[in-house]
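Me: I'm new to reading protein models. Could you walk me through this one, a few questions at a time?

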Amino acid sequence: MISRRIVVVGGGAAGFFAAIAVAESAPGAEVLLLERTANFLAKVKISGGGRCNVTHACFNGREFTTRYPRGERALIAPFQQFQASDTVAWFAARGVELKTEPDGRMFPITDDSQTIIDCLVTAALKAGVKLHAQCGVEGITRTAAGGFALTLSTGKILECDGVLLATGGCRTPALGQLAVSLGHTLEAPVPSLFTFQIAIPWLRALAGVSVETVELTVPGAKLRERGPLLVTHWGLSGPAVLRLSAWGARSLQACNYQFPLLVNWLPAWNEETLAAELQRRRLAHPAKMVTNAPVAPLSARLWEQLVAASGLAPDTRWTALGRAGQHQLIQQLLRTAFLVTGKSLNKDEFVTCGGVRLSEVSFKTMESKVCPGLYFAGEVLDVDGITGGFNFQAAWTTGWLAGRAMAGA
Ligand SMILES: Cc1cc2nc3c(=O)[nH]c(=O)nc-3n(C[C@H](O)[C@H](O)[C@H](O)COP(=O)(O)OP(=O)(O)OC[C@H]3O[C@@H](n4cnc5c(N)ncnc54)[C@H](O)[C@@H]3O)c2cc1C
């Protein structure tokens with residue numbers, strides 16, 4: 001006999017995890033998963049370049065939370081319940097093994113996001129979840145009996161006892177309207193995880209060059225990030241840029257994505273050690289040209305452009321590098337100043353900063369504090385992480401917690 005009807009709105013990562021958790025923990029409940037598009041798990045499919053970066057190999061829940069520009073404090077308790085090691089075990093128990101890459105990102109050993117989709121769909125069907133595609137929820141009201149009435153895109157009205165909103169990032173305020181109609185507040189949506197446009201010809205000439213570790217600073221904005229950098233046809237990308245964009249999602253939007261950026265190409269060096277190294281070269285190879293002797297680990301191509309950008313003539317020899325020339329070169333290596341003139345979408349991963357206000361949700365159960373019986377999971381909340389599997393982990397954790405709580409487990 002069906003005791004209760006639970007509806008999960010949104011067939012993405014969070015919705016599937018929640019629906020499976022409810023159905024597995026409360027076998028008597030009828031669980032419906034409604035997706036407005038034709039395809040479930042569309043973002044999982046394209047995630048991680050088609051490989052799905054499922055989570056990150058950091059198994060200390062508290063440390064894990066430090067990777068969330070929005071949601072760090074709220075996620076402390078949830079990660080005590082379900083963290084990255086639980087995700088690994090969850091998938092392993094359903095026949096999917098994950099592997100760890102040197103930078104900590106975890107992928108299915110098949111390197112194919114379809115493996116994750118197949119696993120989630122199979123687990124949902126096995127647990128008895130009823131999957132409905134092309135079935136959007138257009139409105140939700142409370143019923144006199146304390147349940148909910150959902151207006152569907154098919155024109156039908158569906159009544160239920162509990163609703164979980166897992167509708168994904170509220171890229172536009174309209175996408176958060178279901179939550180707002182039930183009394184919630186949306187933190188204004190702005191993009192996170194974007195790359196920087198820089199219109200400097202010598203930089204663009206370096207498109208394709210990557211540097212293992214740089215330090216980026218946005219002066220005056222308290223934004224500083226170390227990590228790999230990639231030069232692109234439009235400016236700068238790579239993990240260091242994406243992380244900086246996540247931490248600065250709001251402040252960089254406030255200046256319309258026009259801001260100064262300093263790049264330290266050699267963060268392992270400082271002015272003194274670099275001056276000593278240049279002096280050593282001047283004495284050891286006085287007749288050699290500066291432009292032909294890159295300081296490790298910079299590539300020959302990058303070094304050549306940095307030397308030119310510092311104002312030195314291409315044929316300058318070490319012996320002719322005077323005090324002023326050395327000072328200019330050191331400044332260029334440790335503090336290249338660029339003007340960022342806009343942002344570009346990062347095709348590998350982008351998320352929305354903003355969403356349902358966190359103080360209105362209990363992170364013990366993921367239940368709304370303003371509308372009992374309503375639950376939230378995933379990116380619809382004002383939670384977003386840096387790249388590396390952190391966004392899916394937030395979806396798995398909040399989905400699992402919400403599902404268990406809705407099941408009364
Ligand atoms: C290109 C790309 C690559 C990414 N790669 C990674 C990665 O490798 N690792 C990582 O951790 N993160 C990655 N992310 C981020 C990650 O995909 C999201 O954070 C995650 O998908 C959020 O899950 P969700 O279930 O909350 O939302 P979504 O995956 O967006 O799912 C929400 C679902 O709800 C449906 N929906 C919305 N409104 C309604 C409605 N009214 N009625 C019914 N259905 C509705 C939507 O159609 C959608 O299917 C990537 C993002 C992008 C864009």
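Reply: Happy to! Two strands pair if DSSP finds at least two bridges between them. Helices (H or I, at least four residues) and strands (E, at least two) are DSSP runs, numbered from the N terminus. This is a predicted model, where local features need pLDDT of at least 70, side-chain atom pairs count only at pLDDT 80 or more, and totals for chains, interfaces and linings use all residues. Residues are numbered from 1 along each chain as its sequence is written.

Me: Which residue in β17 is the bridge partner of Pro260?

Reply: Strand β16 covers residues 259-264 and pairs with β17 in the antiparallel sense over five bridges. For Pro260, the bridge partner in β17 is Leu339.

Me: Is Leu206 buried or partly exposed?

Reply: Leu206 sits in the loop between α8 (201-204) and β13 (210-218). A residue is buried if 20 or more other C-beta atoms, placed from the backbone, lie within 10 Å of its own, exposed if 12 or fewer, and partly exposed in between. Because Leu206 has 19 C-beta neighbours inside 10 Å, it counts as partly exposed.

Me: Which residues is Leu206 in contact with, leaving aside its neighbours within four places in sequence?

Reply: Two residues are in contact if their C-beta atoms, placed from the backbone, lie within 7 Å. With those sequence neighbours set aside, the contacts of Leu206 are Val231, Arg301, Leu302 and Gln305.

Me: Which element gives the largest share of the shell around the ligand?

Reply: A residue is near a molecule if its C-beta atom, placed from the backbone, lies within 6 Å of it. By that rule 35 residues surround the ligand, the closest being Gly10, Gly12, Gly48, Gly168 and Gly378. Two or more residues of the shell come from each of α1 (13-25), α2 (42-50) and α14 (390-407). The largest share, five residues, comes from α2.

Me: How many helices and strands are there in the protein?

Reply: The C-alpha trace spans about 90 × 40 × 35 Å along its principal axes. Of the 409 residues, 44% are buried. The protein has 14 helices and 20 strands.
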